[in-house]
Amino acid sequence: MSEAGLMARINRTFVLTLLIAASSIFLLFQLFNYRQYSSKNGLNALSSKGYLSGKEAHWVNCHLLIFCLVFFFFFFLEFLGLVHKFKLPVFLVDTASLNLLSQDAVLYRDSQLKEPHCSFLCTHRDFTTFALLGNLWKYDAGLLDAAAERGLELLEIHGKDPRLISMDDLTAKEIPLHFLFRFNSRLVHVVVLYERSGKYLWHGPLRLRSSMDRTFAPFGKLDFGRHAGAYDRPELILTTLDGLDVRIPKNYSRFLHEHSSSRFLECHCREAKAFYQLYPEDTSTEAMDFRMRAKSLLHLASKVLSVLGVPFWLSSGTCLGWYRQCNIIPYSKDVDLGVWIKDYRHDITQAFQKAGLPLKHKFGKVEDSLELSYLGNDVKLDIFFFYDEGDIAWNGGTQAKSGKKFKYVFPRFSLCWTELMELKVRVPCETGDYVMANYGPNWNVPVKTWDWKTSPFNVQENGVWPVREWDDVIQVY
């Protein structure tokens, strides 16, 4: 660090120390006076129950709050000074702070306070989280020295850029993923969000190298970093919180909802490359044409279901293609999606038909084994509805000519985000278990001849539909 930088850091540290010392002396002086007052007046200085009255407790709390606010505002002003100097496009994503904004009672109480206060940024935690839009900022190595000059410790977490990793090139340069600014016990965590090809925002996991200080922050409690995450790009607004101008997501309730299910999985490029070395990729005109039509269908289906508010995930052969080879399997001839039956809407078929995808068949009913199939660009879109039964989940199948029912059983799973064909989509987080259940231990070996009634590893016969119900549960168009 230069001599000028060292002097600047010393000056800032001196100012902070002076402010804290002055506040402490003032607080101690006031407490001393109060104690003298109490000694002269005995129990009269206390309430009838022998403890501080409401006014007296309020007096003490105000002075303690003033002391805390001096420290807090100095720390945040230093951080926001860095933000301004380096033009960091940051916005507040702290879940505790955003949750407070959604509580009308907190907003009303804050509007009634006249004395200095800290309602939103001073949460019960000793860290606050901001996000930085990585695509709008160029990394500057001078950030470390600038933070030190302001009396802030800085820990940078870097990782490989997944946007540059492919089966052709498994290497990638490292990019900044997380910044942690610390002053004494207070921490600001800045998570860097990058735009991916699917037009969504992504952040990487927070992984400490062996040489890093594991006591620098309460890493296990941080809102972001346990896993990679994916978000839609939020609209931002500038607002004032606790006297400071900060940007926040305009629809912070939606952002909080996204955060609760934001975990992101990368496809396994290294394993996919090994797969293609054993089974060379089909690059024929027919295969390439099918992939393009399947991509178009997948994007359209995603748009329709998103407008309806129906979450879905890649299932069956489409899920296998993503997991095994980071692509769509060209000989599968369809696109397979899964939807929880609780998310079924009666206007799904109307929405798909309006989008130019006519219904090909409908099997089953909402209460049992529902399956819908649509057609677009000569590619079939199968939507399998899943039924949750505790430790297992299952979807059904129906043979049109016989009325026989089949059941495909999976271990319980949760949902994560991923990217396929430049689209942010969901897959089962426990993808390996999901694929293994459906395709068995030899899932990594291509099988071009497939019978949906006998080939799946998890298929079970599930009775026969009564003939009187066939008109309702077996509809082919």
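Predicted model: local features only at pLDDT ≥ 70, side-chain atom pairs only at ≥ 80, totals over all residues.
A residue counts as buried when its relative accessible area is under 20%, as exposed when that area is over 50%, and as partly exposed in between.

**The overall picture**

The protein has twelve helices and 20 strands. Of its 477 residues, 48% count as buried. Among contacts with a separation of 6 or more, 68% are between residues 24 or more positions apart. The accessible surface comes to about 24700 Å², and 55% of that belongs to carbon and sulfur atoms.

**The cysteines**

A search of the whole structure turns up two disulfides. Here they are side by side.

| Disulfide | S to S distance | Torsion about the S-S bond |
|---|---|---|
| Cys 267 to Cys 326 | 2.3 Å | 105°, right-handed |
| Cys 416 to Cys 429 | 2.0 Å | about 105°, right-handed |

Take the link of Cys 267 and Cys 326. Its ends lie 59 residues apart, with Cys 267 in the loop between α6 and α7 and Cys 326 in the loop between α9 and β11. Cys 267 has 21% relative accessibility, so it counts as partly exposed, whereas Cys 326, at 15%, counts as buried.

In the link of Cys 416 and Cys 429, the partners are 13 residues apart: Cys 416 sits in strand β17, and Cys 429 in the loop between β18 and α11. Both Cys 416 and Cys 429 are buried.

Cys 269 is buried, at 15% relative accessibility, and Cys 319 is buried at 1%.

**Helix α7**

Cys 269 also belongs to helix α7 (residues 269-278), where Ala 272, Phe 275 and Tyr 276 are buried along with it. Seen down the axis, the buried residues of α7 fall within an arc of 115°, so they line one face of the helix. An α-helix has 3.6 residues a turn, so residues three or four places apart point the same way. Turned away from the buried side of α7 are the exposed residues Arg 270, Gln 277 and Leu 278. The cover over the buried residues of α7 includes α8 and α9.

**Strand β2**

In β2 (residues 127-133), seven of seven residues are buried. One side carries Phe 127, Thr 129, Ala 131 and Leu 133, the other Thr 128, Phe 130 and Leu 132. β2 pairs with β1 in the antiparallel sense over three bridges, and Phe 91 stands opposite Ala 131. With β5 the pairing of β2 is parallel, over seven bridges, and Leu 133 stands opposite Leu 193.

Key. Residues numbered from 1 in each chain as written. Heavy atoms only, no water. Buried < 20%, exposed > 50% of the residue type's maximum accessible area, 1.4 Å probe, protein only. Helix = DSSP H or I, 4+ residues; strand = E, 2+ residues; numbered from the N terminus. Arc of directions from axis to C-beta. Contact = heavy atoms within 4.5 Å. Areas by Shrake-Rupley, 256 points an atom, 1.4 Å probe, with all protein chains shown as cover. Pairing = 2+ DSSP bridges. Disulfide = S-S within 2.5 Å.
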